[in-house]
Amino acid sequence: MAASSVFRPGLFNHKVAIVTGGGTGIGKAISLELLGLGCSVVISSRKAERLEAAAQEMRGRIPTSSPASVTPLPCNIRSEDEVKALVSSVLKQYGRIDYLVNNGGGQFSSPVEHIASKGWKAVIDTNLTGTFYCCKEVYTAWMKEHGGVIINIIADMWKGFPGMAHTGAARAAVDNLTKSLAMEWASSGVRVNAVAPGTIFSKTAMENYKELGPRLFKMSIPFSPAKRLGVPEEISSAVCFLLSPGASYISGATLRVDAGQSLYHSMWEIPDHSSWAEAPQGENLDALKELLKPQSKL
Ligand code: ADE
């Protein structure tokens with residue numbers, strides 16, 4: 001069953017958005033909600049066939065009375081030339097770009113000691129540099145003169161991101177980039193915000209994690225104060241709010257859409273060990289040793 005938006009019909013009539021990674025998971029939910037609210041959406045990702053199939057499916061879900069249309073345009077956001085070509089095609093086809101949602105990204109799970117330079121660079125290039133290219137190009141080609149809204153989708157990396165340190169570093173950098181851009185581009189009437197999702201279940205995310213997927217998602221449920229996983233539609237509604245005039249005084253903000261997960265326990269287990277350097281000698285250490293001394297049997 002398709003989710004319906006809580007926002008008013010026609011809210012984004014005649015607006016134009018680019019959503020990177022717009023064909024799957026969170027990006028697909030954002031694109032569908034925008035389309036349902038009358039926005040024309042350019043969905044972009046690397047895989048042309050998958051993108052075309054997603055666009056076909058979305059077309060079937062646009063109400064006949066809506067002015068919205070969906071256009072799939074393949075682009076590897078790691079390439080500045082491809083990003084320039086994407087923005088230029090959108091302007092040629094639609095003549096404006098009101099919204100940019102930087103959702104395209106990717107990572108793989110690995111402890112740092114096993115991340116090779118190539119894997120590290122690929123994740124930084126996609127998640128950080130790709131976002132930078134998209135922001136810069138959309139700004140210089142359109143928003144500098146006409147204003148607009150940019151949303152960067154990041155992650156729950158507030159306690160570090162053990163097991164996926166590369167993406168944690170990239171997303172934390174995008175969080176900071178969001179604030180810099182919000183300041184630099186305020187005078188053009190551009191608002192820039194970030195959304196940091198908690199653990200979000202989607203069919204695509206399950207497939208990405210392969211056989212680990214089901215276990216990973218089930219395991220993470222107790223770590224949410226909501227005691228359930230989020231779904232892409234719960235990120236999409238936050239993005240639509242931040243894009244809307246209802247958020248006209250919000251810029252440079254990061255909205256955590258995680259049911260409080262980032263305030264709660266970390267999933268990362270630290271094995272018991274005795275590798276830590278001992279605390280400095282003194283009366284407090286003596287008292288601590290006394291406290292921890294095995295109890296003698298009475
Ligand atoms: N999604 C994941 N990686 C991507 C890339 N390099 N370009 C566009 N979308 C992506």
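Visitor: Which helices each supply at least two residues of the lining of the second largest pocket?
Guide: Those are α1 (25-36), α2 (48-59), α6 (203-208) and α8 (232-243). Helices (H or I, at least four residues) and strands (E, at least two) are DSSP runs, numbered from the N terminus. This is a predicted model, where local features need pLDDT of at least 70, side-chain atom pairs count only at pLDDT 80 or more, and totals for chains, interfaces and linings use all residues. Residues are numbered from 1 along each chain as its sequence is written, and side-chain values use heavy atoms, with hydrogens and water left out.

Visitor: Which helix gives the largest share of that pocket's lining?
Guide: α1, with 7 residues.

Visitor: And which residues lie nearest the pocket's centre?
Guide: K28, A29, L32, R61 and E233, out of 36 lining residues. A pocket is an open set of points on a 1 Å grid over the protein atoms alone, with protein on both sides within 12 Å along at least five of seven lines; a cavity is a set where a 1.4 Å probe fits but cannot get out; lining residues have an atom within 4 Å of a point.

Visitor: Switching topic, how many cavities of 30 Å³ or more are there?
Guide: The whole structure has 1. Grid points are joined across faces, edges and corners, and a volume is the space filled by probe spheres set on the points.

Visitor: How much space lies in the largest cavity?
Guide: About 50 Å³.

Visitor: What lines the largest cavity?
Guide: N102, N103, G104, N127, T131, N152, I153, I154, R171 and V174. α4 (117-146), β5 (148-153) and α5 (165-184) each supply at least two lining residues.
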